[in-house]
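Please look through the sequence and the model shown below before reading on.

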Amino acid sequence: MASGGAGGGGAGKMADKEKKKKESILDLSKYIDKTIRVKFQGGREASGVLKGFDPLLNLVLDGTIEYMRDPDDQYKLTEDTRQLGLVVCRGTSVVLICPQDGMEAIPNPFIQQQDG
């Protein structure tokens with residue numbers, strides 16, 4: 001029985017290290033008070049001014065506009081929009097986040113740098 005408790009402590013330390021790595025991969029702080037576009041699971045898309053976020057990718061958007069989809073083709077967006085205002089977006093449903101005013105290339109955080 002005593003050995004079972006010791007194994008659980010080691011797993012907790014490893015989980016703490018993984019959390020630190022996850023936080024450093026995506027830094028949204030440079031997009032605070034800037035307009036971003038967000039795509040969600042299920043095909044919905046919206047844009048708004050990023051007011052806040054957390055490590056789980058829950059987002060707070062202000063002045064949010066949802067881009068409506070074509071009723072005949074769920075994967076095609078129409079010109080129609082609707083105003084949503086202040087919105088809290090659940091991080092588990094976020095698929096893609098991009099700046100509305102253009103793109104910025106970043107190095108791939110998943111490949112390891114090779115020393116020459």
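Leaving aside its neighbours within four places in sequence, with which residues is Leu50 in contact?

## Contacts of Leu50

In this predicted model, Leu50 is in contact with Leu28, Tyr31, Ile32, Asp33, Lys34, Ile36, Leu59, Val60 and Leu61, once its neighbours within four places in sequence are left aside.

An open sheet of five strands runs in the order E4-E3-E2-E1-E5, and its pairing is antiparallel. Strand E4 (77–89) and strand E5 (94–99) are the edge strands, each of which pairs on one side only. Neighbouring strands of this sheet are turned against each other by 30 degrees on average, with direction ignored. In general terms, the strands of a sheet pair through backbone hydrogen bonds, in either a parallel or an antiparallel manner.

Strand E1 (residues 35–40) pairs with strand E2 (residues 45–53) in the antiparallel sense over five bridges; within this pair, Ile36 stands opposite Gly48, and Val38 stands opposite Ala46. The two strands form a hairpin with four residues between them, and in the turn Gly42 has a positive phi of about 95 degrees. On its other pairing, E2 meets strand E3 (residues 59–69), again in the antiparallel sense, over seven bridges, with Leu59 in E3 as the bridge partner of Phe53. The hairpin of E2 and E3 has five residues between the strands, and there Leu57 takes a positive phi near 75 degrees.

## Ser47, a buried polar residue

Ser47 has its place in strand E2, and it counts as buried because its relative accessibility is 4%, whereas the cut-off for that class is under 20%. The side chains of Ser47 and Tyr67 are joined by a polar contact of 2.8 Å.

Leaving aside its neighbours within four places in sequence, Ser47 is in contact with Ile36, Arg37, Gly63, Thr64, Ile65, Tyr67 and Gln100. One of these residues, Gly63, lies 16 residues from Ser47 in sequence, and the two are 8.2 Å apart in space from C-alpha to C-alpha.

Methods:
Residues numbered from 1 in each chain as written. Predicted model: local features only at pLDDT ≥ 70, side-chain atom pairs only at ≥ 80, totals over all residues. Heavy atoms only, no water. Pairing = 2+ DSSP bridges. Axes fitted to C-alpha atoms, helices over the stretch in contact; angles between N-to-C directions. Contact = heavy atoms within 4.5 Å. Buried < 20%, exposed > 50% of the residue type's maximum accessible area, 1.4 Å probe, protein only. Polar contact = N/O pair within 3.5 Å; in protein donor to acceptor, adjacent residues only side chain to side chain.
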